[in-house]
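Visitor: I'm new to this one. Can you put it up and take me through it?

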Amino acid sequence: MATNFILDSLPPVEHEWLQPKLREVYLQQNDILYRVGEPIQDVYFPTTCLLSWTKSTEMGELVEVSITGYEGVAGMILLLNETISPWQTDVQLAGKAFKLSTEDFINALGRSPVLHQRVAAFASLKMVQISQSALCNRFHSLEERLCRWLLSAQDHSNTSEFLLTREILAGMIGAGRPAVSLATTILQSAGLIRTTRGSITILNREGMEEAACECYQVFKGALDRYLAQEIHP
């Protein structure tokens, strides 16, 4: 069975209470789980899917602020007693997740110490990544940002092949589609990735890390510390 890091971290007594309330669902690419300003009805613990948190301007210009995979949960804002989504959450890569009602999630946070601590640790990870994304999008080149995004997506999904169009990638890194097409061509010519229609595959991870900006190591370091953190009831 596909797993989620937070759920797998729960001690038996917490997991036994929560497990009957979880429902495994399959999420299609481009499904919208939350819209900005709307109430959060359910939370999702990804297992094989990859979720994207995005913000957009009034003109519809889109940029990603964070991604979430098997390591986390969508709907963490409920931890802060906020029930309205501050960003849009889309399914970037199709796959499975465990779905839990908002009511059950809030109840679980109150009665499950380890779950509460894990979600709090995940929220801290997101703060690091969101703030670093803001810096990265302002100061680093498109090729560097593209390498950083693809490497981070691999870390959060454990796959090297992504079924993504240039248009989707453009939104993820806050760039125009023609510029993203040029950047992917450059990376492919360098032997770092392989691109086909609607698909991108990482071929040389070491080379990608060298081509990425320093932000990737900040992202990776924060994720590694989160995954290694020991939490006790």
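Guide: Take a salt bridge to begin with: Asp-155 pairs with Arg-205, and their closest N and O atoms are 3.0 Å apart. A salt bridge here is a side-chain nitrogen of Lys or Arg within 4 Å of a carboxyl oxygen of Asp or Glu. This is a predicted model, where local features need pLDDT of at least 70 and side-chain atom pairs count only at pLDDT 80 or more, while totals for chains, interfaces and linings use all residues. Residues are numbered from 1 along each chain as its sequence is written, and side-chain values use heavy atoms, with hydrogens and water left out.

Visitor: Which parts of the chain does the pair link?

Guide: Asp-155 is in helix H5 and Arg-205 in helix H8 (residues 205-211), distant parts of the chain that are 50 residues apart. Helices (H or I, at least four residues) and strands (E, at least two) are DSSP runs, numbered from the N terminus.

Visitor: Is Asp-155 buried or exposed?

Guide: Asp-155 is buried, with a relative accessible area of 10%. Arg-205 is partly exposed, at 25%. Buried means under 20% relative accessible area, exposed over 50%, and partly exposed in between (1.4 Å probe, protein chains only).

Visitor: What else does Arg-205 form a salt bridge with?

Guide: Glu-209, with the closest N and O atoms 3.1 Å apart. Arg-205 and Glu-209 are separated by about one helical turn, because they are four residues apart in helix H8.

Visitor: New topic. Which residues touch the most other members of the largest nonpolar core?

Guide: Leu-27 and Phe-45, out of 44 residues in that core. Helix H4 (residues 113-139) gives the most to this core, with seven residues. Apart from it lies another core of 27 residues, among them Leu-93 and Val-180. A nonpolar core is a set of buried Ala, Val, Leu, Ile, Met, Phe, Trp, Tyr and Cys residues joined through side-chain atoms within 4.5 Å.

Visitor: And what lines the largest pocket?

Guide: Its lining includes Asn-30, Thr-54, Asp-90 and Met-172. Strand E6 (88-93) and helix H6 (166-173) are the elements that give two or more residues to the lining. A pocket is an open set of points on a 1 Å grid over the protein atoms alone, where a 1.4 Å probe fits, with protein on both sides within 12 Å along at least five of seven lines; lining residues have an atom within 4 Å of a point.
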